[in-house]
Amino acid sequence: MTGDTDRDGSPEGTELPGLNERSDAWLVGRARELLPDSALGETDELQRRTEELDGLLAEAQHRGEPRMVAQLLRAAIVIRVGDSQFADSAEPLLDELLAHTKRHGLAVLQADTHALRGRRQLLVGAEDKALSDVAVALAILDEDITPDAMLGRRTSDVLMAETLMDIGLVLTQLGVYEAADKVMTRANRYVRASGGPQMISVHLVNRTRLLLGWGLHLERIGENSAAIERFTTAAAIATALDALFPDGPDEAAVATEPVVGAAHALAHPSTIWTDRLSQLIEAPLYPRDRILVAIALARCLETESHTEQAVKVLGDVRDWLADGSERTLRVCLIREYARLSGTEAGERTANALETYATELEEQLWAMRESRITTLHTRREHERLSRRHGTVERQALQDPLTGLPNRRALDERLENLVASPANHPLAIALVDLDGFKVVNDRMSHAEGDDVLRVVASTLRDTLRGNDMVARYGGDEFIVLLPGAPLHAAEAALGRAAAAVAALPNDLSHGVTLSVGVVSLRPQETASRALARADAAMYQAKRKGGNGVMAVSAGGEAGRSGGSGLPGLSDVAAVTLATELAEAAADQTWVLPDSP
């Protein structure tokens, strides 16, 4: 690129549009650009990026699109859980994202929230809590998750890959390398299918970091051959990473990714890596990468017989590790420090220390095996708990749309009607315009997809305490507790507009006709539903794609011809309402046969 540019890639000096003028896709894309790679960066730069991400999040929350909000919340958390200085501010965001993903049924991002919470727990040394969080994340992903039609296949793949990589990072830091390897292998499929160069690079770096930690751990129990295999594989991946930077040696991955330089040096300790690693260890790095670079540099210095300098490098990093994070790799660092320091001691003392260390390592390895067992147990427990909860939910859930079914609606409506604290209570009946055409001209499978998309849009555009239930066929009921009729009419109008604005390949031109009423004093639920049904048909007679609100006095909130000769709008709605009420209350008796 020639010429100077601003931080977002626009030519310097050009007037940039405000956030409110940017597209949703731009907000999500910019958030991804702001997330740091494995090079930590200066605190001031991280602070600047965090503040910009918070601004993007505020704009996304103002717009309210649930999937965009979830992705921006994730980005705001990721940048915080990478550094202990910002970790405390991640906690309320984690709570918000967890509640948000549960409400909107975003299972993959819900799993990622638990993985990110696990990363947050590791920053404060709460390893057991991190293990529990990652077990929950894995249990969620064990379920049959259908790609979100509103996101598209590529974005769904990217979110799944990011979630799996976050889980893999936690498992790697916990030293549960076999489980981490399986998760990273699973992530590889999604990265290959839909990941761009940046995601591929991050994934390969994470795999390399996993292999290096695994190899160092194997060395600690005397499995040197297996350790060399891990180092050799890591170096091969590092070579592949070098190929992603084709612009010459100045842009080589070893200069920008510390873990890549460490991989080459651990696989083949040599003086050729000393200068580069010496530069890298002085750069701002995450603790895990500083440890890997320090051990790799120490081994390169050892090949040159610069043992004293190697000990100093390891000692400096040991003293620098002030917090409780990276306990597994910290032990590897201390072991390396003790090994090189022992060359100065007498042979008998060194042998005694080595025997003692070996015994300790065997105990630590046994504890690691116990941690693997604990992970599997908690994962299975969570899976069974979720399955039990799913069975209970299915009894109250429409299987096609995932919305509450008639049984759940009846229970909720009965409770709302009986509790004055929920009044005023608005009740709406929603019917799809043009849905029969979709079924007749296309297929019932396409019709099912339309129902799912409309159901998701309705749920996402209304408040968290509003209930959207499938009533049957292409009809839905919406309950809006505490909402005056005019507010309910406005909210449902926004929902109808959101459905009308859906891409045609998702909605096939289907729109909404909505009738909404406010529960009258002493009125039964069946009567209120009958009035909402009559108002909905009045909206259809007006041409559909709109909301008809009927007040307690029978006044209709939408102008236009009634469609009934000789009757005004108010009279038509009143007549239809009275007929619907009579039908709701009427008990039909068949006459005796002659």
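Leaving aside its neighbours within four places in sequence, with which residues is Ile237 in contact? The contacts of Ile237 beyond those neighbours are Leu204, Arg207, Thr208 and Leu211, where contact means heavy atoms within 4.5 Å. The model is predicted: local features need pLDDT of at least 70 and side-chain atom pairs count only at pLDDT 80 or more, whereas totals for chains, interfaces and linings use all residues. Residues are numbered from 1 along each chain as its sequence is written, and side-chain values use heavy atoms, with hydrogens and water left out.

**Overall composition**

- The protein has 24 helices and 5 strands; helices (H or I, at least four residues) and strands (E, at least two) are DSSP runs, numbered from the N terminus.
- Of its 594 residues, 49% count as buried, a term for under 20% relative accessible area, with exposed meaning over 50% and partly exposed lying in between (1.4 Å probe, protein chains only).
- Among contacts between residues at least 6 apart in sequence, 64% join residues at least 24 apart.

- Ile237 lies in helix α10 (residues 224-243).
- Ile237 is buried, with a relative accessible area of 14%.
- Thr208, one of the contacts of Ile237, is 29 residues away along the chain, and the two C-alpha atoms are separated by 6.6 Å.

**Helix α5 with helix α7**

- The axes of α5 (residues 107-123) and α7 (residues 153-174) come within 9 Å and cross at roughly 25°; axes are lines fitted to C-alpha atoms, for helices over the stretch in contact, and angles run from 0 to 180 degrees between N-to-C directions.
- That angle makes α5 roughly parallel to α7; angles under 35 degrees count as roughly parallel, over 145 as roughly antiparallel, 65 to 115 as roughly perpendicular and the rest as oblique.
- The crossing of α5 and α7 is left-handed, that is, the near helix is turned anticlockwise from the far one by less than a right angle (clockwise would be right-handed).
- Residues making this contact include Val108, Leu109 and Ala111 of α5 and Leu159, Met160 and Glu162 of α7.
- By class, the contact of α5 with α7 has 12 nonpolar, 3 polar and 4 charged residues; Ala, Val, Leu, Ile, Met, Phe, Trp, Tyr, Cys and Pro count as nonpolar, Asp, Glu, Lys and Arg as charged, and the others, Gly among them, as polar.

- α12 passes α14 in a left-handed crossing.
- In this contact, Pro258, Val259, Ala262, Ala265 and Leu266 of α12 meet Asp289, Leu292, Val293, Ile295, Ala296, Arg299 and Cys300 of α14.
- The residues of the contact of α12 with α14 comprise 10 nonpolar, no polar and 2 charged.
- Helix α9 (residues 197-220) packs with α14 at an angle of about 55°, the axes being 11 Å apart, which makes α9 oblique to α14.
- α9 also passes α14 in a left-handed crossing.
- Arg209, Leu212, Leu216 and Glu219 of α9 form the contact with Arg288, Asp289, Leu292, Ile295 and Arg299 of α14.
- The contact of α9 with α14 has 4 nonpolar, no polar and 5 charged residues.
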